[in-house]
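Visitor: I would like to go through this model one question at a time. Please show the structure before we start.

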Amino acid sequence: MSEASLALGRTWKRPPIISNPILRWTLIIGALVYLIAAVMTIDVNWSRVYEGLERGKKFILAFSNPNFSDRWTDIHEGMLESIVMALASTVAGIIISIPIGLGAARNIAPLPVYLICRGIIALSRALHEIIVAILLVAVFGFGPLAGFLTLSFATIGFLSKLLAEDIEDTDKSQAEAIKATGSSWLQWINFGIQPQIMPRLIGLSIYRLDINFRESAILGLVGAGGIGATLNTAFDRYEFDTAAAIIIIIIAIVMVLENTSTFIRGKLQ
Amino acid sequence: MAIKQTTDGIKIWARRNTKEQFTNWIMWFVGTAIFMYCWQGISAETDWDFFWDAPEIAVDISSRAMPPKWDYMTSLWVPLWDTLNIATMGTFLSLVMAIPIAFLAARNTTPDKYIIRNLALLIIVSSRSINSLIWALLLVSIIGPGVFAGLVAISLRSIGFCAKLLYEAIEEIDEKQVEAITATGASRWQVMVFGILPQIMPALAGITVFRWDINIRESTVLGLVGAGGIGLQMQGSLNILAWPQVSLILLVILIAVLISEWVSAKIRGAII
């Protein structure tokens, strides 16, 4: 800094987040243009929204007085079905994910196998659960089987991808040591790779169980079983007290699952 | 690790000792039993005739769906633009709400460790445990169908995600910088703006782009419950069994999701 500028006593200015001024201004102007265009095209029926505030208040008040009893049989069956679907699909998903995860790890799979497995993972991750559920309901008919298959398919994309990344990060020397004893391929995987990824696999599986339960709550909207159908009916009939009861149960189960998974993952690491 | 002794007195290596082996076996047994119980429940609810028909029906539907009806694309541009708006404006709106909640939930910035922090954590958990489709259902029944309901649904669902990641980032900041700003005599707000915000800015940008990517994927299906976007067109086409239109919509969704994923990965790569 030169004498002159010090004498003038320049004040300090915060350095901008994006240092390139051209990029910065293009981004700012672009964002503004987009914002104006977006706000102009979203037409909101404000009088309808205003009318709705009354119902919104009713819904929030319903949480202080949830109605568990009127539709208890529906809620009970739906919840049980959601839990059953979540559990079964997590197990099935893990069983299918392990071979695909092994195939998608570049350090143990040959290139053709790698590409096929990565393709399956990409497909499973790109399709939203509800879309898969719609297609499977069309093919397999209504009921929890479609939901089970949907969740299993979604689990594959999640679990195989993270598993493959973990396998790629494993310590090479351990696997090599097992190989040096003259092990077969299965023994090599079982004793060289598996012990290294086991803690993470268990942690991810429990986390996925949590996600699967949350997702199973919406599959009922398209007829794939679970609590979603009951919830949908409750909203359609403006039975906010029943809807509140269902949402409270969902939140409670998710909280329990989340705490269990944090606890188990904490123990494993 | 354990050593096993064979009957002839030779010691061999075994992976587990007897106790470990036993617990292992019990855990597998219980796990299998639970799975079988669940499977029985699913199987009882299933019409297996439909299951065995499935391959035929799948072939039938895909033959109807091919080729996609390409000229239907002209009526998809507007819903696609709506979908983009729901995701982008929803993410923006959720950040406006998530940032204060994150500051209230972080251990080092919360004004009150017990009541306010737990309240903020409860908001985060509730927002996270309810799927955006359920939020959309709720909002459609409250404020009526349309893009606005979808936008609010996406923003409410995103609060929990953004606030959780953000408060974890706030808890990991370097306290020395905050102390330095405090030492200049800065007020509480000035400390936040000059001491904390610059440190969490990269995390904030990363979280935003990450959530935006997820929101694009979610907003494509919100239309199924009437909350605007391309899902509305899909619902309409499914209802009239117009499979060529459905296949085109699915293709469009797939491309949109892949593009958003690519954009998000690029931006996150540039930030980190």
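Guide: A crossing is left-handed if the near helix is turned anticlockwise from the far one by less than a right angle, and right-handed if clockwise. This is a predicted model, in which local features need pLDDT of at least 70 and side-chain atom pairs count only at pLDDT 80 or more, while totals for chains, interfaces and linings use all residues. Residues are numbered from 1 along each chain as its sequence is written, and chains are lettered from A and ligands numbered from 1 in the order in which they are written.

Visitor: Is the crossing of H4(B) and H6(B) left-handed or right-handed?
Guide: Helices are DSSP runs (H or I, at least four residues; strands are E, at least two), numbered from the N terminus. H4 of chain B covers residues 115-129 and H6 of chain B residues 147-171, and their axes lie 7 Å apart at an angle of about 125°. Axes here are lines fitted to C-alpha atoms, for helices over the stretch in contact, and angles run from 0 to 180 degrees between N-to-C directions. The crossing of H4(B) and H6(B) is left-handed.

Visitor: How are H4(B) and H6(B) oriented to each other?
Guide: Angles under 35 degrees count as roughly parallel, over 145 as roughly antiparallel, 65 to 115 as roughly perpendicular and the rest as oblique. The angle in this pair is about 125°. H4(B) and H6(B) are therefore oblique.

Visitor: Which residues of H4(B) meet H6(B)?
Guide: Contact means that the C-beta atoms of two residues, placed from the backbone, lie within 7 Å. On the H6(B) side, the residues include B:Leu156, B:Ile159 and B:Phe161. On the H4(B) side they are B:Ile123, B:Ile124, B:Val125, B:Ser127 and B:Arg128.

Visitor: How are H8(A) and H9(A) oriented to each other?
Guide: H8 of chain A spans residues 172-180, and its axis lies 9 Å from that of H9(A), at an angle of about 160°. The crossing of the two is right-handed. H8(A) and H9(A) are therefore roughly antiparallel.

Visitor: How many residues of chain B are in contact with chain A?
Guide: Chain A contributes 45 residues to this contact. On the chain B side the number is 46.

Visitor: Which residues of H5(B) make the contact with H3(A)?
Guide: The axes of H3(A) and H5 of chain B (residues 132-143) come within 7 Å and cross at roughly 120°, and the two helices are therefore oblique. From H3(A), the contact includes A:Arg48, A:Val49 and A:Phe59. From H5(B), the residues are B:Leu138, B:Ile142 and B:Ile143.

Visitor: How far apart are the C-alpha centres of domain 1 and domain 2 of chain B?
Guide: The bounds come from an automatic or database domain assignment. In chain B it gives domain 1 as 1-41 and domain 2 as 78-271. Their C-alpha centres are separated by 45 Å.

Visitor: In chain A, where is confidence lowest?
Guide: The confidence of the predictor in each residue is pLDDT, from 0 to 100. Chain A has a mean of 83, and H7(A) is highest at 89. Confidence is lowest, at a mean of 55, in helix H1 (residues 3-8) of chain A.
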